[in-house]
Amino acid sequence: MAPTPAGNRRTRVHVVSDVHGNARDLARAGDGADALICLGDLVLFLDYADHSRGIFPDLFGVENAHRIVELRTARRFQEARELGARLWAGIDGDRAAVIEQAVRKQYAELFAAFPTPTYATYGNVDMPPLWREYAGPGTTVLDGERVEIGGWTFGFVGGGLKTPMRTPYEISDEEYAAKIEAVGEVDVLCTHIPPEVPELVYDTVARRFEQGSRALLDAIRRTRPRYALFGHVHQPLVRRMRIGTTECVNVGHFADSGKPWALQW
């Protein structure tokens with residue numbers, strides 16, 4: 001990590017999202033920057049590119065992981081839930097406890113990899129109640145909150161909206177909009193999910209529209225931050241576009257690229 005900004009020296013931050021278990025590259029993501037920003041999805045439950053990786057195949061095997069990816073990609077969500085229920089019926093112990101134990105193992109490794117300082121918010125597959133337990137003194141967790149970095153104000157809104165996927169941290173449109181409202185006017189608006197713009201929410205590999213936020217889009221148009229940064233959509237149709245005066249950037253699928261997006265001013 002570079003030293004804390006001083007005087008008129010330029011400030012540089014690195015931004016990552018959708019880490020999904022990539023602790024090795026996360027440990028280097030802050031190299032050369034004054035701060036690291038993480039926009040969530042630390043947990044790897046199931047890797048859609050490599051079905052042998054994640055909590056799901058560890059519990060149920062690669063063949064079942066392949067099958068459930070097929071069903072979800074085909075939007076056959078009810079069949080996917082039924083398959084999941086049958087698989088879980090064969091596991092000893094409480095489902096929530098088994099998942100939490102696996103998530104804790106990943107969080108211990110991932111939070112240890114965060115450099116100082118790191119500013120982070122939750123993704124839709126994360127488990128927020130566990131974050132403050134694992135976040136060290138150099139990691140600041142923010143959700144519906146603001147922080148100043150190098151003279152600019154950054155606002156953070158975590159989580160995703162409700163979907164048929166039923167991931168752990170999905171909230172109502174109203175709750176999400178309230179967090180956007182609480183952040184207010186900022187220089188950089190940092191969220192896990194993108195604004196609801198077709199080019200930004202369509203995943204070209206999954207061949208489906210992911211869930212974006214209308215409240216976020218309205219806030220960008222109304223408050224006009226310099227940047228709106230987000231992740232969530234791993235292979236978007238468009239990674240970068242302007243909405244009015246705001247530069248909107250999908251900072252990338254860090255689990256796959258291992259490279260942070262850099263912002264300097």
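Colleague: What supplies the largest share of the lining of the second largest pocket?
Modeller: Helix 5 does, with five residues. Helix 5 (95-113) and helix 2 (55-60) each give at least two residues to that lining. Helices are DSSP runs of H or I with at least four residues, strands are runs of E with at least two, and both are numbered from the N terminus. This is a predicted model, in which local features need pLDDT of at least 70 and side-chain atom pairs count only at pLDDT 80 or more, while totals for chains, interfaces and linings use all residues. Residues are numbered from 1 along each chain as its sequence is written, and side-chain values use heavy atoms, with hydrogens and water left out.

Colleague: How do you know which residues line the second largest pocket?
Modeller: On a 1 Å grid over the protein atoms alone, a pocket is an open set of points with protein on both sides within 12 Å along at least five of seven lines, whereas a cavity is a set where a 1.4 Å probe fits but cannot get out; lining residues have an atom within 4 Å of a point. The lining residues include Gly 21, Asp 58, Lys 105 and Glu 109.

Colleague: How many residues of this lining are nonpolar, polar and charged?
Modeller: Four are nonpolar, three polar and three charged. Ala, Val, Leu, Ile, Met, Phe, Trp, Tyr, Cys and Pro count as nonpolar, Asp, Glu, Lys and Arg as charged, and the others, Gly among them, as polar.

Colleague: Why does Val 183 count as buried?
Modeller: Its relative accessibility is 1%. Buried means under 20% relative accessible area, exposed over 50%, and partly exposed in between, with a 1.4 Å probe and protein chains only. Val 183 therefore counts as buried. This residue is in helix 7.

Colleague: What does Val 183 touch?
Modeller: Leaving out residues up to four places away in sequence, Val 183 touches Gly 144, Glu 145, Arg 146, Gly 155, Phe 156, Val 157 and Leu 189. Contact means heavy atoms within 4.5 Å.

Colleague: How do Arg 75 and His 232 count?
Modeller: Arg 75 has 45% relative accessibility, so it counts as partly exposed. His 232, at 14%, counts as buried. Arg 75 is in the loop between helix 3 (62-73) and helix 4 (77-89), and His 232 is in the loop between strand 12 and strand 13. Neither is a glycine, yet phi is positive: about 60 degrees for Arg 75 and near 75 degrees for His 232.

Colleague: What is the order of the open sheet of six strands?
Modeller: The order is 5-6-9-12-14-13, with mixed pairing. Strand 5 (145-149) and strand 13 (240-243) each have a single partner strand, so they stand at the edges with one side left without a neighbour in the sheet. The twist from one strand to the next averages 20 degrees; axes are lines fitted to C-alpha atoms, for helices over the stretch in contact, and angles run from 0 to 180 degrees between N-to-C directions.

Colleague: What makes strand 12 and strand 14 partners?
Modeller: Two strands pair if DSSP finds at least two bridges between them. Strand 12 and strand 14 are joined by four bridges and run parallel, so they pair. Tyr 227 stands opposite Glu 247 in strand 14.

Colleague: Where is a cis peptide bond found?
Modeller: It joins Thr 116 and Pro 117, with omega about 0 degrees. Pro 117 is in the loop between helix 5 and strand 3.
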